Amino acid sequence: MSEVFWTVVDVLNWVVLIYFVLLNGVYLSTSLFAFGALRRYANRMKSLDLDTLIASAGAPPITLVAPAFNEEPTCVESVRSLLSLEYPEYEIIVVNDGSNDETLARLTEAFNLYPAARLPMASLPAQPVRQLLRSRRYRNLWVVDKENGGKADALNAGINFCRTPLFCAMDADSLLEPDALIRVVRPFLEDARTVAAGGILRIANGCVIKQGRVVDVRLPKSLLARFQVLEYLRAFLSGRMGWDALDATLVISGAFGVFHRQTVVDAGGYASDTVGEDMELVVRIHRHCREKEIPYRIHFVPDPVAWTECPESMRVLGRQRDRWQRGLFQSLTRHRVMLLNRRYGRAGLLAFPYFYFLEMWGPVIEAAGYVAFAAAIIAGRADPLFVAAFLMVAVVLGVSLSISAVALEELSFRRYPRASDLIRLFILGVAENFGYRQASTFWRLKGTISALRGVEGWGAMTRTGFTLVDDDDDDR
Amino acid sequence: MPDLATFVAALSVRDGALWVLALSVAALVALSLLFAMYTMLLRAGHEIREARWRRLTARWQEPLLQALMDPDAEAEIHRLVGPRERLHFVQFALEYARRVIGAERETLQRLARPYLAPLVPRTIHRHQEVRTRAVQTLGALGLPEHADAVTAALDDPSPLVAMVAATALARQDDARYADPILRRLYRFDTWSPNFLASMLAGMGPDGAEALREVMADPTEPARVRAIAARALAELPDLQAGPAAAAVVEIEEDPDLLASALRLLTQVGFPQHARYIRVRCASPDAAVRSTALRALGALGQEDDMPRLIGAMSDPSPWVAISAARGIHDAGGEQLLRDLADSEHPRAVVARQVLAEHGS
């Protein structure tokens, strides 16, 4: 029995080692692709004054659809930031998803809303709409007040009232940079086959915000939030940029993505029976376009920025990661037909297997590996060769990848103006391997188990609101 | 070397693997450190360049503002541009040129002109980015002197360079550039038609004749003709009505039809309504929708029942266009009655009334 147990432990250890090699191999590959793609992108932006081009002519009208559920602390500030975007023609539809706090009252008071008529242009499934409100002060601001149905349901309700060729799905608590729409819309102009494009999410905790704009980029004070800054840089600049270079984008963040309205309507809109509606929609668009043989492109654009508030407590962060993992699980199992299927192109042959085997089952393998590794060490059966290999692929390669993500940031956008911030990020790249990464694995494992058990629901996300300064606080 | 070979040969497989791992870890640590150093060097390089740029702009800004107000002050600027700073000055002028028009833009072009010649060879540089940058700068500051280089860039192997050239030429309000641009539209087949139409409309009334020819030419691809029609609608070109009516009468491509109908809405005459009525029954919702809007603008009293009927069209887009058509045809009171009625699309009437502040 004991011999069988240790054989299992040995096998597990090797499985985990191979998993880490594969995982970090993919990260390394996407980082290398991202490096080339970001260099090309930065050069392209330097050599082309496309922003002026777009702002002056031909920019397609966009509707911003922002679902809000109990966003009382941040909703007014967020809508103000949307109203100050630099874009020739856009509408804002805030969808109050049956909030039971003062979200609607605060919006009504701040923007002088009144009941108005508007015909729905599509009939995606959504909970009943109670009333439509329009701002007297800002004619492009509408609020759809509806029964609670979750984020996907709220987005569908907003899309139903959208009458522009493109819509931007976002979180009501996110802050878009003023030129974010101009930048994210570029792929739609350059390639008429583009059906979706996502921007980058950055963490607003610790930043100074004035009149709905981030005016001073700083690292958060909380260590937990700082780890997430690094995580987001790695995920977007190394990960999504790399997948975009491979033309295999499978995820567009729900907090900031622009979609071709008719394609989304034809694909059936957002699925309200998943907590990962953003990924599920992108995967479904791939399927829809491939199966109907519609030429299409889905892009990640690295410089349009949406600032978002990240959790600063372990409890809330754990719930968020649990939900993300369940969303991933639901999206991938629902569309398993794409797995290694040539019909779905690079999305089916490259991105889907990566997400399916390494991201979806990764936490199970990694958690089992930690247990087996600890057991082998404690029992004194750990092979020094194995320990060295494990440390190399699990920690040292991980540190290299994190540091390369910071290098990519510096190479491209340089959002953190203080050199000390860069040094802090390097240190975080080492420190995250001792505690934070294991906690993250634990939360994702919980998410996988919850998904297998069929658990639903979002879990509450406590908002503290952004750090604001008044007009006369310029020198702070 | 023999010592190393002997050492390696003497290692057991296990020790050999350990050495490989140890060396790999060392290499990765070194790689991490290199990444970190590279990042810090990048930061330092950026800061040095930014500091230099700040110094240069601080030196040029005040004299430039003077020169924009007083042409006699232009000579002072040239005295402040060192031999190695010429292209920096061009960059500086370009940033201002993006924000101004008319006489101020001409002043900037005059100021930059002596320094533009080195950019001409760059329009055929092997790197696409360098070519794009050069064409963009010459297009903004060097026309018409460098028109040959910019026009030649329309045939650049990179569609991006060609697009930058086309955009620069289209902004010149000069009929000479219309034909070369229109003949290269096929190169921009992935670009959004609306974007291309706006770019072409940038040529202004001088480009209208060439646009009309392309729209009317059945040998041109339907997509290109539709783009020309959209550009004419954006201008709007008051002479394009007959050509647009001919397209609506004969053609069957939905995109071309919708574009021509949109153009007719703006520049057509009541006698064109008979072609438009036929399209109100098109199986394509976009064509129906634009036809109803055009009918509202050009139709007669007896077209009102057709417009009211179309408010019950299964497509909400068509219903809204019909209601807008009713409004355009002077049927505001009719819309009020519909808005207060039990009509299933009464909300459309209310919406259109609200759009017009009623």
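**Helix packing and the chain contact**

Author: In chain B, helix α11 (residues 208-216) packs against helix α13 (residues 241-250) at an angle of about 15°, with axes 10 Å apart. Helices here are DSSP runs of H or I with at least four residues, and strands are E runs of at least two, numbered from the N terminus. Axes are lines fitted to C-alpha atoms, for helices over the stretch in contact, and angles run from 0 to 180 degrees between N-to-C directions. This is a predicted model, where local features need pLDDT of at least 70, side-chain atom pairs count only at pLDDT 80 or more, and totals for chains, interfaces and linings use all residues. Residues are numbered from 1 along each chain as its sequence is written, and chains are lettered from A and ligands numbered from 1 in the order in which they are written.

Reader: Are α11(B) and α13(B) roughly parallel or roughly antiparallel to each other?

Author: Roughly parallel, therefore, given that angle; the term covers angles under 35 degrees, while over 145 is roughly antiparallel, 65 to 115 roughly perpendicular and the rest oblique.

Reader: And which residues meet there, α11(B) to α13(B)?

Author: B:R212, B:M215 and B:A216 in α11(B) meet B:A243, B:A246 and B:V247 in α13(B), contact being C-beta atoms, placed from the backbone, within 7 Å. By class, that contact has five nonpolar, no polar and one charged residues. Ala, Val, Leu, Ile, Met, Phe, Trp, Tyr, Cys and Pro count as nonpolar, Asp, Glu, Lys and Arg as charged, and the others, Gly among them, as polar.

Reader: OK, what about α12(B) and α14(B), what angle do they pack at?

Author: About 15°, with the axes of α12 (residues 222-234) and α14 (residues 254-267) of chain B 8 Å apart. Their contact has eight nonpolar, two polar and five charged residues.

Reader: Switching topic: how many helices and strands in chain B?

Author: Chain B has 20 helices and zero strands. Its C-alpha trace spans about 100 × 75 × 45 Å along the principal axes.

Notes. Contact = placed C-beta atoms within 7 Å.
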